[in-house]
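Colleague: Could you walk me through this one slowly? I'm new to reading structures and would like to ask as we go.

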Amino acid sequence: MRSSRSSVSRTLGPAVLAALLLIPNAASPAGAVPRDEDSPSLPGIRATVADGRPCTAKSAKKSAQTPWAQSFLGIDRAWELSRGAGVEVAVVSTGADASRVPALDGRVTGGRDVVAGGTVRDDCVGYGTFLAGLVAGKWQEGLAAAGVAPEARVIAVRATDKGGLTTPEALADGIGAATASGARIIHVALAVPSAPRKLKDAVAAALKAGAVVVAPASAREWESGSGASRAESGPVYPAALPGVLAVSSVGPGGEPDTQGAEQGPRTRPRLSAPGVSVTGPGPGGGGQFTGGGDAVAGAFVAGTAALVLSYHPGLSGEQIAHRLEATAYGAMGDAPDPGVGPGVVDPVRALSAVLPEEHAPSSPGTRNASAAHAVPPLDPPTARDHALAVAGGAVAVTLLVAFLAVVLPRGRRRGWRAGTAGGPTSSAD
């Protein structure tokens, strides 16, 4: 019996291996990506540069693959309706390297440097460059990656020192500069552990001016030096202020990004977006980086807001924020996950959905947002979809193995001659 089993194993071994190779990721969750943001293929980008360290070096690597976040959100389908033309997005971060980065050529304008003074012309850290590319990076030959709103423009405002650190007062000045620029979408890609009156007033002024203010729901990106991590719990700002869209990050399956989530202060998110192993441009040239965190997720929300404003130019900032929340993937389901908020931003539904409050007839000569051509929403992949895919692959392999276990031994015994039709093979075979 043992000899027979060994013979069957040797016969089936190569066939089973070949079958497994035909089903990618059958042994691991579909869509899984390395948690380490410093992937083997692309260098990682960080929100700060340690004291005494040089500026972030340029990347010499690129990936021709479509980034998972771009596919997950169905951005290609959203581009059928809007690409963000005519919209300006202020990114309050570490600046931007617009002159040497092809993805940002013609897409970024240097705003105020509220810490060092003058106009933003560079980005030692590279984080603001990375975020600007996620918001409005243009298409490049040979690369599938592009910004969420590739026809929008970014106004880069620096509210940090050279290493990427900020203060509540500097952040307030940065938001004020973004508001003064006239940008209707403001991505505050920084977080601080307190909100003095100056910061509260700056956010209130931006909202009053009709802007959508997006901010990270946690301070994880700055825990190494900002001092925010020294608070064991509590909210972060400006995400915790009224009217601000606090954003958290999710991974490829739509699950909350729990890496480091229990460390440092955090604000309950109002939306979520991809923020794990995200691909984008960086400083110094045309190479790409990977990055992650809630500020990265915020860039996807800010880009989606730009698409909505371009397609529905009559909406107020408050209406845009409401539309993003009301159309979020999972927003209509059961009790929301506290790590995700009401749901994951959905660019296609944010553009095409007709909300109940928009059924009122519009005034003559004005455009009614509800008249927008609707495109069937694209449901992003979920963990359940991945599980079903893996289970289906496992079943297929099992059936193939069972088939080969019966057919190969009997075929060898018959010398691969056809069996007797209409009944079982006789012992003479």
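**The disulfide and beyond**

Modeller: Let us start with the link of Cys55 and Cys124, which is left-handed, with -105° about the S-S bond. Please keep in mind that this is a predicted model.

Colleague: What is a disulfide, in general?

Modeller: In general, the sulfur atoms of two cysteines are joined by a covalent bond, and that bond is called a disulfide. Here the bond joins Cys55 to Cys124, with an S to S distance of 2.1 Å, and the count for this structure comes to one disulfide.

Colleague: Where do Cys55 and Cys124 lie?

Modeller: Cys55 is in the loop between helix H1 (2-21) and helix H2 (68-72), while Cys124 is in the loop between strand E2 (108-113) and helix H4 (127-136), so the pair ties together parts that are 69 residues apart in sequence.

Colleague: And is Cys124 buried or exposed?

Modeller: Cys124 counts as buried because its relative accessibility is 13%, and the cut-off for buried is under 20%. Cys55, at 36% relative accessibility, counts as partly exposed.

Colleague: Changing topic, how many aromatic pairs does the structure hold?

Modeller: The structure holds two aromatic pairs. In one of them, Trp68 and Phe72 sit edge-to-face, with 5.6 Å centre to centre and 70° between the planes. Both of these residues lie in helix H2, four residues apart, which is about one turn of the helix, and both Trp68 and Phe72 are buried.

Colleague: Why do residues four places apart point the same way in an α-helix?

Modeller: An α-helix has 3.6 residues a turn, so residues three or four places apart end up pointing the same way.

Colleague: What about Trp79 and Trp139, how are their rings arranged?

Modeller: The ring centres of Trp79 and Trp139 are 5.0 Å apart and the planes are at 80°, so this pair is edge-to-face. The pair links distant parts of the chain, with Trp79 in the loop between helix H3 (75-78) and strand E1 (88-93) and Trp139 in the loop between H4 and strand E3 (153-158), 60 residues apart. Trp79 is buried, with a relative accessible area of 9%, whereas Trp139 is partly exposed, with a relative accessible area of 37%.

Colleague: Now the sheet, please. What order do its strands have?

Modeller: The sheet is open and has seven strands in the order E2-E3-E1-E4-E5-E6-E7, with parallel pairing. Its edge strands are E2 and strand E7 (271-274), each of which pairs on one side only. From one strand to the next, the twist averages 25°.

Colleague: Which strands does E1 pair with?

Modeller: E1 pairs with E3 in the parallel sense over six bridges, and it also pairs with E4 in the parallel sense over four bridges. On the E3 side, Glu88 stands opposite Arg153 and Val92 stands opposite Val157. On the E4 side, the bridge partner of Ala90 is Ile186.

Colleague: Is E1 mostly covered or uncovered?

Modeller: E1 is mostly covered, since five of its six residues are buried. Strand E5 (residues 212-216) is mostly covered as well, with five of its five residues buried.

Colleague: Which way do the residues of E5 point?

Modeller: Val212, Val214 and Pro216 point one way from E5, while Val213 and Ala215 point the other way, and all are buried. Strand E4 (residues 185-188) pairs with E5 in the parallel sense over three bridges, and the partner of Ile185 in E5 is Val212.

Colleague: One more strand residue: what does Gln288 touch?

Modeller: Gln288 lies in strand E9 (residues 288-291) and is buried, with a relative accessible area of 4%. Leaving aside residues up to four places away in sequence, its contacts are Leu42, Pro43, Ser59, Lys61, Lys62, Ser63, Leu143, Ala145, Thr279 and Gly280.

Colleague: Last topic, helix H7. What span should its 18 residues have?

Modeller: At 1.5 Å a residue, the 18 residues of helix H7 (residues 294-311) should span 26 Å, and the end C-alpha atoms are 26 Å apart, which agrees.

Colleague: And how many residues of H7 are buried?

Modeller: In H7, 17 of the 18 residues are buried, so the helix is largely enclosed by the rest of the structure.

Notes
Residues are numbered from 1 along each chain as its sequence is written. This is a predicted model: local features need pLDDT of at least 70, side-chain atom pairs count only at pLDDT 80 or more; totals for chains, interfaces and linings use all residues. Side-chain values use heavy atoms; hydrogens and water are left out. A disulfide is a pair of cysteine sulfur atoms within 2.5 Å. Helices (H or I, at least four residues) and strands (E, at least two) are DSSP runs, numbered from the N terminus. Buried means under 20% relative accessible area, exposed over 50%, partly exposed in between (1.4 Å probe, protein chains only). The expected span of a helix is 1.5 Å times one less than its number of residues. Contact means heavy atoms within 4.5 Å. Rings of Phe, Tyr and Trp (its six-membered ring) pair if their centres lie within 6.5 Å; planes under 30 degrees apart count as stacked, over 60 as edge-to-face and the rest as tilted. Two strands pair if DSSP finds at least two bridges between them. Axes are lines fitted to C-alpha atoms, for helices over the stretch in contact, and angles run from 0 to 180 degrees between N-to-C directions.
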